Structures are given as structure tokens and as C-alpha cells.
Amino acid sequence: MVASKIFQFDNLAENLTGFTRHLLDDLTALLMPYHHESNLLFKVKIIIIELLNNAVKHSGSNQTHLELHLDATALVITKTDTGEPFKLLNELKDNDTVMIRSDAMHVLYATKAGPVIHFTFEENLAEEVDVNQLSEHLGLLMIAKAANEFTYQYQQLENVFKVKLYLSGY
Amino acid sequence: MLNLIKEETNHILVKVNLTEANLSHSHHFKNELIALLNFKKRSVWLDLQTVTYVDSSFLGALVAALKHAIAMKCDVVLLGLQKDIDDMLKLIRLDKVFKIYSNEQDAQNAIG
């Protein structure tokens, strides 16, 4: 099955609930044939909600374009907007990896490869967790943990966040 | 958004009246929860059974409230999580820091 869906969001916090509800209803129907895929809809929900939150909080633009593309191997979710470029873009040299967030549970990394920034994470498996060392900013981490691939690129004056979820067997 | 249901000696039971707990509610939720902790000076057991999803800003608000509660030698306990929310807490490992029970009775049996 190959399918694409495109959505436009106005980046207004007060419209987030209604828009998300409508979008997730659409996605539930689209992904119905993939109900056997372990947690696919659950992961998609997390990713979409956090990408939209990111748009409301950080994009600085009044329009976010969200595209979902499903084929036999993967579901790719692409978010684009015309806001200011992600500041890491100019701070990183090619092949640099930096820690962009660290707390008692996780470390979140960004690695630049050519024009693309890849987000990855590591878990801190220490038995004792100091609650005071927990981050309250969890959005990027949640996307990185739900996704198989999570990247950012500034392309033709647009911020392009791309999230890939593999379908089973690929 | 928060309804006080019951007051016990060591904790209060509070119902969260939201279905989608997202960015548009998280700031208000955090302020209300922290104000309740300050006023009652007891642990808060949060009944979340009507909440169908939470986002990172709401989870961040819960973490902020937990830090505040622990500084007061109290706690924030989560009750009645729907499966997706329980799975989300596990995904980002917040199940390691929150006490989570299916209902008030289970919480009573464990920590009451």
C-alpha cells in the first residue's frame, strides 16, 4: 500500500486540541491495515503531537506543513515550516556530535552529516534516579525514542524535520 | 481542571478533568497542582482515568510538580492511567520515578 496525507496547521496553541483530534482520527483509519505492527499507531501519535508542539513553541511561523507518506517499508512523517533555522545548524561542523540534552535518565545527541542533523539518544541505566536531575523538556527525546530515524535539515529556506518508522521486516 | 475528591491524613485524591492533556493546559495544570501541594501540604494522588493522551509539556508539568512535592517530603502518585499513557511513561522511563497504580484501592494497599 502506498498512501500520502497532507495537513496544514496554523501553529496556534488554542487550535492544537481540535486539530490533533481530527488528524489522529484520520491516521487511525489510514493505519488500520497495519494494526498488527507493534505499537505503530502509538508511536505515530507521539511523534505527530510532539512535532506540532514544537511548531507552536519554536517555529516562529504561522503555518506548519505536515506530510505522511506510507509505503511497503516505512511510514515517513515530514514537518516543514518557514521559521528561523534550528540554531544547532550553524554551531555544528560536519561529523560533529554534540550532547543537546542530558538528565538523570537520558542523553540526547545531535550529529551533523552533510546538511542533515541526526538525533539519537542513550539511556542512563543507573539504578538510583535523582528526580531533581530530570529534564522537564521531553519533546525531542520522545520523538527520538519513538522513531527509527529522526533528522533535521534546512532546505530551500524551510525547516524540515523528518521522522521514519520502519514497518516490520524492513 | 483539578477536582479535589477526598482528603486523607497523608494525601489528597484529586481528579484531573481533561481528556487531551496537552500544551494548552500544561502551564495552568502545573500551577494548580503546585498551589494544591503548597496549600494542603500532603501528597497528591492524581486520578487520570479520563485522560486519553498526554504530551511532553504535560509530562514536564508532572515532573516539575514531583520535584516540588519531593522537596516538601510529599509525593505525586498517578492513578488510573490509560494504556497509551502508561506506555508513554515507560517509553521515557518516567515509570521509574512516579508511583503508578491502577486505582485508589491498589494505591491504598501499597502505600496508603
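Strands E6(B) and E7(B) pair in the parallel sense over 3 bridges, and Leu79(B) stands opposite Tyr101(B) in E7(B). This pairing lies in a predicted model, in an open sheet of chain B with 5 strands in the order E1-E2-E4-E6-E7 and mixed pairing. Chain A has an open sheet of 8 strands with antiparallel pairing. The two chains touch, with 23 residues of chain B in contact with 27 residues of chain A.

**Sheet of chain B**

- Strand E1 (2–7) and strand E7 (99–101) of chain B stand at the edges with a single partner strand each, so one side of each is left without a neighbour in the sheet.
- From one strand to the next, the twist of this sheet averages 25°.
- H2(B) packs on the sheet and touches E4 and E6 of chain B, its direction making about 135° with that of E6(B).
- Strand E4 (residues 43–47) of chain B has 4 of its 5 residues buried, so the strand is largely enclosed by the rest of the structure.
- E4(B) runs parallel to strand E2 (residues 11–16) of chain B, to which 5 bridges join it; here Val44(B) is the bridge partner of Ile12(B).
- E4(B) also pairs with strand E6 (residues 76–79) of chain B, in the parallel sense and over 4 bridges; here Val77(B) in E6(B) is the bridge partner of Trp45(B).

**Helix H3 of chain B**

- Ile85(B), Met88(B) and Leu89(B) are buried in H3(B).
- Viewed down the axis of H3(B), the buried residues fall within an arc of 100°, so they line one face of the helix.
- An α-helix has 3.6 residues a turn, so residues three or four places apart point the same way.
- Lys83(B) and Lys90(B), on the other side of H3(B), are exposed.
- The cover over the buried residues of H3(B) includes H2 of chain A together with strand E5 (53–54) of chain B.

**Sheet of chain A**

- The strand order in chain A is E1-E2-E3-E8-E7-E6-E5-E4.
- Strand E1 (3–9) and strand E4 (97–102) of chain A are the edge strands, and each pairs on one side only.
- The twist here averages 20° from one strand to the next.
- E4(A) pairs with strand E5 (residues 106–113) of chain A in the antiparallel sense over 5 bridges, and Ala110(A) in E5(A) is the bridge partner of Val98(A).
- Helix H4 (residues 139–146) of chain A packs on the sheet, where it touches E4, E5, strand E6 (116–123), strand E7 (149–155) and strand E8 (158–166) of chain A.
- The direction of H4(A) makes about 85° with that of E6(A).

- Helix H1 (23–40), helix H2 (56–71) and helix H3 (83–91) of chain B are the elements that give two or more residues to the side of chain B that touches chain A.
- H2(B) gives the most to that side, with 9 residues.
- By class, the side of chain B that touches chain A has 11 nonpolar, 5 polar and 7 charged residues.

**Nonpolar core**

- The largest nonpolar core has 72 residues, of which Ile47(A), Leu51(A), Ile143(A), Val44(B) and Leu46(B) touch the most other members.
- Helix H2 (residues 40–59) of chain A gives the most to this core, with 9 residues.
- Neighbours within four places in sequence aside, Ile47(A) is in contact with Ile77(A), Ile143(A), Ala146(A), Ala147(A) and Val163(A).

Terms used. Residues numbered from 1 in each chain as written. Chains lettered and ligands numbered in written order. Predicted model: local features only at pLDDT ≥ 70, side-chain atom pairs only at ≥ 80, totals over all residues. Pairing = 2+ DSSP bridges. Axes fitted to C-alpha atoms, helices over the stretch in contact; angles between N-to-C directions. Contact = placed C-beta atoms within 7 Å. Nonpolar A, V, L, I, M, F, W, Y, C, P; charged D, E, K, R; others polar. Core = buried A, V, L, I, M, F, W, Y, C linked by C-beta atoms within 7 Å. Buried ≥ 20, exposed ≤ 12 C-beta atoms within 10 Å, placed from the backbone. Arc of directions from axis to C-beta.
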